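Subject: Structure handover

Hello,

Here is the structure I said I would pass on. Please open it beside this email and follow the notes below.

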Amino acid sequence: MELQSNITYMPRIGDKAPDFEAMTTIGRIRFSDYAKDKWLILFSHPADFTPVCTTEMSGFAKRKSEFTALNTELMGLSIDSVHAHLGWVDNVRKNTGVYFDFPIIADIDMKVAKLYGMLQPNESETAAVRAVFFIDPRKTIRLIMYYPLNVGRNMDEILRALEALQISDKHKVAMPLDWKRGEKVIVPPPRTLEEMENRLQEKDLELVDFYLAKTSLN
Ligand code: BEZ
C-alpha cells in the first residue's frame, strides 16, 4: 500500500483542543475564552438548509437541557456564512418551533474545519464531515466521532459517551460495553500479585476474575 502524501494534521484524543477565533451566530469568539470550567461539545455539519443536518441540529437543540445538566455547552460549525446560519435558524424556528440556541461557527474560510480535521477531502472538498469533539474543562480532547455526509449521528450515544467520560473521571472507573447511567462500572485491574490476591477475596464486587470486576456506584 502506498503512503498518502496529502495527510493533514488531525487532532487526536488527549491533545489540547486547538485554539482559534471565529465569527459565530453569537458574534466573534475566542475558543479558549468560551465555556470556561465547562465541558464543550464542538460539532460540525456539512451545510445549512440540508435535511439530515436539520434533524441533527434540532436534536442538539431539543436536548440542550440534558447537556446543561452535564455542565456542557454546545458549539456547531459549518462552512457557511453567518447570514446562511441566521436564515436557517430562523427558518427551522418558523417551521418547527425548534430554536438553535447555541453558537454556530461561520467557517467560511474553512480555517477551523481544517484545524480540527473536519474537512476530509475524499468525502467532500467543500463541506465538513459530521464530527463531534468532546472537550473537557481543561480544553483537552477526550473523545472524537466522525460520521460521513449521508449518516446522521445518534444523540443518545453522544449523551451516553459524555456522561461515561464524566463518571469515569470522577470515580476513576471504566465503562463496559453499552454502559448506561445506573449500571455497574469496571474497577481498575490489580497491578501487583498482592493486589490480585486481595481482589480475588473481595466480597463487594461482581467478580468474573481478578482482571474483570464490576461495582455499583449507588
Ligand atoms: C444533509 O444534511 O442532508 C446532507 C448534507 C450534505 C450532503 C448530504 C446530505
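In these notes, Ala, Val, Leu, Ile, Met, Phe, Trp, Tyr, Cys and Pro are called nonpolar, Asp, Glu, Lys and Arg are called charged, and the others, Gly among them, are called polar. By that sorting, the shell around the ligand has five nonpolar residues, one polar residue and one charged residue.

Some ground rules come next. This is a predicted model, in which local features need pLDDT of at least 70 and side-chain atom pairs count only at pLDDT 80 or more, while totals for chains, interfaces and linings use all residues. Residues are numbered from 1 along each chain as its sequence is written, and side-chain values use heavy atoms, with hydrogens and water left out.

The overall layout

The protein chain has six helices and ten strands. Both are DSSP runs numbered from the N terminus: helices are H or I with at least four residues, and strands are E with at least two. Taken along the principal axes, the C-alpha atoms of the protein chain fill a box of roughly 65 × 50 × 35 Å. The domain assignment gives domain 1 (21-157) and domain 2 (172-218); such bounds come from an automatic or database domain assignment. Between the C-alpha centres of domain 1 and domain 2 there are 36 Å.

Of the 218 residues of the protein chain, 43% count as buried. Buried means under 20% relative accessible area, exposed means over 50%, and partly exposed is in between (1.4 Å probe, protein chains only).

The ligand

Which residues surround the ligand? They are Pro46, Thr50, Pro51, Val52, Cys53, Arg130 and Leu149. A residue counts as near a molecule or strand if one of its heavy atoms lies within 4 Å of it. Helix 1 (residues 51-62) gives the largest share of this shell, three residues.

Several polar contacts can be listed here. A polar contact is a pair of N or O atoms within 3.5 Å; within protein, one must be able to donate a hydrogen and the other to accept it, and residues adjacent in sequence count only if both atoms are side-chain atoms. Thr50 has a polar side-chain atom 3.0 Å from an oxygen atom of the ligand. For Pro51, a backbone N or O atom lies 3.3 Å from an oxygen atom of the ligand, and for Val52 a backbone N or O atom lies 2.7 Å from one. The protein covers 74% of the 260 Å² of accessible area that the ligand has on its own. Accessible areas come from the Shrake-Rupley method with a 1.4 Å probe, and for residues only the protein chains shown count as cover.

Arg130, one of the residues around the ligand, lies in strand 6. Is Arg130 buried or exposed? Arg130 is buried, because its relative accessible area is 2%. Its side chain reaches the backbone oxygen of Leu149 at 2.6 Å.

Ser44, in strand 3, is also worth a look. Ser44 counts as buried because its relative accessibility is 0%. A polar atom of the Ser44 side chain lies 2.6 Å from the backbone oxygen of Val129.

The nonpolar core

A nonpolar core is a set of buried Ala, Val, Leu, Ile, Met, Phe, Trp, Tyr and Cys residues joined through side-chain atoms within 4.5 Å. The largest one has 26 residues, of which Ile41, Phe60, Phe67, Phe100, Phe102, Phe134 and Ile158 touch the most other members. Two or more residues of this core come from each of strand 3 (39-44), helix 1, helix 3 (82-96), strand 6 (130-135) and helix 5 (155-171). Helix 5 gives the largest share, six residues.

Backbone angles

Most residues other than glycine have a negative phi. Phe49 is not a glycine, yet it has a positive phi of about 55 degrees. Phe49 lies in the loop between strand 3 and helix 1 and counts as partly exposed, because its relative accessibility is 48%. Met110 is not a glycine either, and its phi is positive at about 65 degrees. Met110 sits in the loop between strand 5 (104-106) and helix 4 (111-115); at 18% relative accessibility, Met110 counts as buried.

Lys203 is found in the loop between helix 6 (193-201) and strand 9 (206-209). Why does Lys203 count as exposed? Its relative accessibility is 71%.

Regards
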